[in-house]
Amino acid sequence: MSETRNVSYSFLGPAGTFTEAALAQVAEARGKAWRSVNNVGEALADVVSGRSVAAMIAIENSVDGGVSATQDALASVPNLRIIGEYLVPVNFVLVARPGTELADVRVVNAHPVAYAQCRGWLEATLPHHGHIPASSNVTAASALLDGDQADAAIAPIGIEKRYDLDVLATGIGDNPNAVTRFVLVSRRTSVPARTGADKTSVIVELPEDRPGSLLDMLEQFATRGVNLSLIQSRPIGDAMGRYRFVIDADGHIQDERVADALLGLRRFSPKVLFLGSYPRADKRPIEFTSHYDDGVFIGAREWLRELLGDVPATHASADEQA
């Protein structure tokens, strides 16, 4: 079998999930093998082991914010890079075994993220319901046919075409414009070329717990004119009150303002995990004022070199001597 045919991509399965819909947007994955996995950890393990060249995982949704399981996994598994992001509009239906009426539903099976996105509808329609978490929305639906304790499940639109289930309600998401953001994660260390509509993701730990420490971290971006589209705290787990921050910055590491911000961030904190620079899914060009143009940063460095032009080499900085 050829090497091309051996290439595989992992995604949260089974078939029919929103994650599979995100993977369908990846041109390089078409015609390759797709490997269905049960959770984010298994998906990333496939990438680390080389079983898959990349894995598609959900990282954020417009209703419930960041997906904590993904953020924590990316912080703990080394040598991974995000090489692309993809947006999938999400809407849900409530399904049940044939013959079940909406009034009969007492327990609902659903993926925790989907459950959060439908919580308002559920509390208004089924105020006394219970919730059983599922590894995916398709699994939640299929489990109903395997003697699951739940009476109904939250599932993607069209699930009744795959399984013998009745649709009890449609459009149950609290926000009809809800979108889930997925990222394609690989071991590839090369950074995709900048497009002018890019995003850079990092995970940062505060070096010390003191007043103003978080502000100092944010100023590394603010003083370079770099906008943050996501900043979310996650507990490190080694002690109470210790947090790391998941950050998405507008721009590419090859943009001078972003590169300078990352240098400042690294001087500020010894623990900065670079997750990657990659094209934005919405392809929206990054906007910034002209005094943060690449030429401004380059010109400032050239000005400094001119000032240091007559300084003996022994007085040069460690970076210049390297």
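Predicted model: local features only at pLDDT ≥ 70, side-chain atom pairs only at ≥ 80, totals over all residues.
Is Trp303 buried or exposed? I looked it up: Trp303 counts as exposed, at 53% relative accessibility. My cut-offs: buried is under 20% relative accessible area, exposed is over 50%, and partly exposed is in between (1.4 Å probe, protein chains only).

Residues are numbered from 1 along each chain as its sequence is written, and side-chain values use heavy atoms, with hydrogens and water left out.

**Patches.** I found Trp303 in helix H10 (residues 294-307); helices here are DSSP runs of H or I with at least four residues, strands are runs of E with at least two, and both are numbered from the N terminus. Together with Leu304, Leu307 and Leu308, Trp303 makes a nonpolar surface patch of about 420 Å². For patches I take residues with over 30% relative accessible area and no salt bridge, joining like charges within 9 Å and nonpolar side chains (Val, Leu, Ile, Met, Phe, Trp, Tyr) within 5 Å. I also noted a negative patch of Glu101, Asp104, Asp164 and Asp166. Asp and Glu count as negative, Lys and Arg as positive, and His and the chain ends are not counted.

**Salt bridges.** My search of the whole structure gave 18, each a side-chain nitrogen of Lys or Arg within 4 Å of a carboxyl oxygen of Asp or Glu. Next I checked Glu205 and Lys271, whose closest N and O atoms are 3.9 Å apart. Glu205 lies in strand E12 and Lys271 in the loop between helix H9 and strand E15, so this bridge ties together parts 66 residues apart in sequence. Glu205 is buried at 12%, whereas Lys271 is partly exposed at 49%.

**Aromatic pairs.** I got 2 of these. Rings of Phe, Tyr and Trp (its six-membered ring) pair if their centres lie within 6.5 Å; planes under 30 degrees apart are stacked, over 60 edge-to-face, the rest tilted. Phe11 and Trp34 sit edge-to-face, 6.3 Å centre to centre with 70° between the planes. Phe11 is in strand E1 and Trp34 in strand E2, so the pair ties together parts 23 residues apart in sequence. Phe11 is buried at 3%, but Trp34 is partly exposed at 30%.

Key:
Areas by Shrake-Rupley, 256 points an atom, 1.4 Å probe, with all protein chains shown as cover. Charge placed at Lys NZ, Arg CZ, Asp CG, Glu CD.
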